Amino acid sequence: MAGSETHYSLPLPEFDKPVKLLIVVAPYYKDIADDLVAGAIAVAEAVGAAHEIIEVPGALEVPTAIAIAYKQSNFDGFVALGCVIRGETTHYETVCNDSSRALQLMGLDGACIGNGILTVETRAQAEVRADPKGQNKGGGAAAAALHLIALTRKLGRPKGGIGFKPRGEEMLIAENKDTA
């Protein structure tokens, strides 16, 4: 049983500058979503990260909300939370695959996203995974986002200006070329 296995978790990163997380949750299964959010908030607070929470109708809307925020806001990272429980139709596969794929593509584009959208066979499996005192997948998703933020800050280069150099600087460059 998955609940009895032990897994290694990286220690939470430390930050010297403030961190701002957006937690996007689909509360379709409200009690499970509440546990996921509680776990994510506890991890965010453990490293002193500020956070905001927004709710969307379902798991398919989570990536869209994150994409909007990624393009139009100043969040350092994102935590995607929700739960998809297998039903009688193939809708489960569509929701699981498409939400995961969309989050992954944004991550490959540079967004720091922790994916905490549970994809399970039964409600009991979801309850174990969402429980902050159990598997705490909400906390794990927040930790993943924080680790990606720390990595981005570690590997990132200082950004230059917006493309313009002061007129005097251009002249110095030109003069240096002439005298070289």
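Just after helix H3, Gly110 takes a positive phi of about 115°. Helices (DSSP runs of H or I, at least four residues) and strands (DSSP runs of E, at least two) are numbered from the N terminus. This is a predicted model, in which local features need pLDDT of at least 70, side-chain atom pairs count only at pLDDT 80 or more, and totals for chains, interfaces and linings use all residues. Residues are numbered from 1 along each chain as its sequence is written, and side-chain values use heavy atoms, with hydrogens and water left out.

**Overall layout**

- The protein chain has 6 helices and 4 strands.
- From the N terminus on, its elements follow the order β-α-β-α-β-α-β-α-α-α.
- Of the 180 residues of the protein chain, 34% count as buried. Buried means under 20% relative accessible area, exposed means over 50%, and partly exposed lies in between, with a 1.4 Å probe and protein chains only.
- Among contacts (heavy atoms within 4.5 Å) between residues at least 6 apart in sequence, 79% join residues at least 24 apart.

**Helix H3**

- Helix H3 covers residues 91–108, and Ser99 lies in it.
- The 18 residues of H3 should span 26 Å at 1.5 Å a residue, and its end C-alpha atoms are 26 Å apart, which agrees. The expected span is 1.5 Å times one less than the number of residues.
- Tyr92, Val95, Cys96, Ser99, Leu103 and Met106 are the buried residues named for H3. Seen down the axis of H3, its buried residues fall within an arc of 120°, so they line one face of the helix. The arc is taken from the directions from the helix axis to the C-beta atoms.
- Leu105 and Leu108, on the other side of H3, are exposed.
- The partners that the buried residues of H3 pack against are helix H2 (61–72), S3 and S4.

- Ser99 counts as buried because its relative accessibility is 1%.
- The side chain of Ser99 reaches the backbone oxygen of Val95 at 2.7 Å.
- Leaving aside neighbours within four places in sequence, Ser99 is in contact with Ala59, Leu60, Pro63, Thr94 and Ile117.

**Nonpolar cores**

- In soluble globular proteins, nonpolar side chains tend to be buried together.
- A nonpolar core is a set of buried Ala, Val, Leu, Ile, Met, Phe, Trp, Tyr and Cys residues joined through side-chain atoms within 4.5 Å.
- The largest core has 28 residues, and the members that touch the most other members are Leu21, Ile32, Val79, Leu81, Cys83, Leu118 and Leu146.
- At least two residues of this core come from each of strand S1 (20–25), helix H1 (30–46), strand S3 (77–85), strand S4 (113–120), helix H4 (123–130) and helix H5 (137–155). H1 gives the largest share, 8 residues.
- A second, separate core has 22 residues, including Val24, Ala59, Ala65 and Val95.

**Helix H5 and Leu146**

- H5 has 19 residues and reaches 27 Å from its first C-alpha to its last, close to the 27 Å expected at 1.5 Å a residue.
- Buried residues in H5 include Gly138, Gly139, Ala141, Ala142, Ala143, Ala145, Leu146 and Ile149.
- These buried residues of H5 pack against S1, H1, S3 and S4.
- Not counting residues up to four places away in sequence, Leu146 touches Pro13, Phe15, Val19, Leu21, Val43, Ala44, Val47 and Ala49.

- In S1, 5 of the 6 residues are buried, so the strand is largely enclosed by the rest of the structure.
- S1 and strand S2 (residues 50–55) run parallel and are joined by 6 bridges. Two strands pair if DSSP finds at least two bridges between them.
- Leu22 stands opposite Glu52 in S2.
- Val120 lies in strand S4 and is buried, with a relative accessible area of 3%.
- Leaving aside neighbours within four places in sequence, Val120 is in contact with Cys83, Val84, Ile85, Arg86, Tyr92, Gln125, Ala126 and Arg129.

**The loop between H4 and H5**

- Asn136 is found in the loop between H4 and H5. Asn136 has a positive phi of about 50° although it is not a glycine.
- Gln135 also lies in the loop between H4 and H5, and Gln135 is partly exposed, with a relative accessible area of 23%.
- Gln135 and Gly39 are 96 residues apart in sequence and 9.6 Å apart in space, C-alpha to C-alpha.

Definitions and conventions: Polar contact = N/O pair within 3.5 Å; in protein donor to acceptor, adjacent residues only side chain to side chain.
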